[in-house]
Amino acid sequence: MPLPLGHVAIGVAIHSCVRKTESGAVSWQELLFIAVLATLPDIDVIIGLLSVGNGAAFHRGPTHSLLFAIAAALLASRAWKLGIAIPKVSFLWSFLLVISHVAADAVLTDSPVSFFWPLEVNWSGGHSGWTDVIASVSLGAYRDAGIVLGSGLLIASSELLRHRMPPTQWGMPEMGAPNSLQKTRTSEPAQEEP
Ligand SMILES: [Zn+2]
């Protein structure tokens with residue numbers, strides 16, 4: 001069962017695989033943005049707790065869908081235009097982080113997601129109060145140990161592969177960390193975000 005820890009670990013692994021920067025280090029700003037996007041679909045738990053006192057009331061609904069991932073990525077990749085301290089990130093980078101959450105929930109749990117919402121809706125059902133959610137996220141985090149380990153192995157494999165490839169082949173096209181956060185290679189000018 002991926003909890004926030006597991007989703008963030010998967011997000012960091014995705015970032016490691018698709019980033020175009022030389023350094024494998026993840027800054028706290030990058031980690032914060034990854035954490036927000038990789039756990040964003042579970043905002044339905046907060047909405048349920050705040051509105052009806054039940055975190056499961058709206059869980060696994062619209063926020064766990066392809067449409068939500070596209071909408072969230074569109075917003076995230078344009079949020080920097082607001083002029084406040086929001087990093088500039090690409091649509092694909094953001095989309096992969098959000099959809100990774102939906103995919104992990106779908107593959108690693110028995111409870112279905114609403115991938116093709118509004119054509120399908122699969123509410124998780126049941127009841128989760130504040131104490132249930134807090135206990136699950138904090139005390140139950142050990143259950144994500146396998147996901148963290150798997151993500152660590154993926155990051156290590158990605159780093160090994162990068163050392164065997166020329167820098168021009170790093171990452172996916174139009175992909176990478178936000179320009180404002182990137183440590184661009186000194187031998188080349190910083191690339192403009194599309
Ligand atoms: Zn979820």
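The secondary structure here is 7 helices and 0 strands. Read from the N terminus, the order is α-α-α-α-α-α-α. This is a predicted model, with a mean pLDDT of 84 for the protein. Of its residues, 84% reach 70 or more. The stretch to treat separately is 173-190, where the pLDDT is below 50. In the model that stretch still has 41 contacts beyond near neighbours in sequence.

Now the packing. The protein has 194 residues, and 36% of them are buried. Taking contacts between residues at least 6 apart in sequence, 74% join residues at least 24 apart.

Next, the core. The largest nonpolar core holds 29 residues, and the members that touch the most others are Leu37, Ala69, Leu97 and Val98. Which helices each supply at least two residues of this core? They include H1, residues 4-18, and H2, residues 28-39. As a general point, nonpolar side chains in soluble globular proteins tend to be buried together.

Let me stay with H5. Its 18 residues should span 26 Å at 1.5 Å a residue, and the end C-alpha atoms are 25 Å apart, so the two figures agree. Buried residues in H5 include Trp93, Phe95, Leu97, Val98 and Ile99. What covers the buried residues of H5? The cover includes H1, H2 and H4.

Leu97 is a case in point. Leaving out residues up to four places away in sequence, Leu97 touches Gly11, Ile14, Ile34, Leu37 and Ala38. Leu37, then, is a contact of Leu97 and also one of the core members touching the most others.

Key: Residues numbered from 1 in each chain as written. Predicted model: local features only at pLDDT ≥ 70, side-chain atom pairs only at ≥ 80, totals over all residues. Core = buried A, V, L, I, M, F, W, Y, C linked by C-beta atoms within 7 Å. Buried ≥ 20, exposed ≤ 12 C-beta atoms within 10 Å, placed from the backbone. Helix = DSSP H or I, 4+ residues; strand = E, 2+ residues; numbered from the N terminus. Contact = placed C-beta atoms within 7 Å. pLDDT = per-residue confidence, 0-100. Expected span 1.5 Å × (residues − 1).
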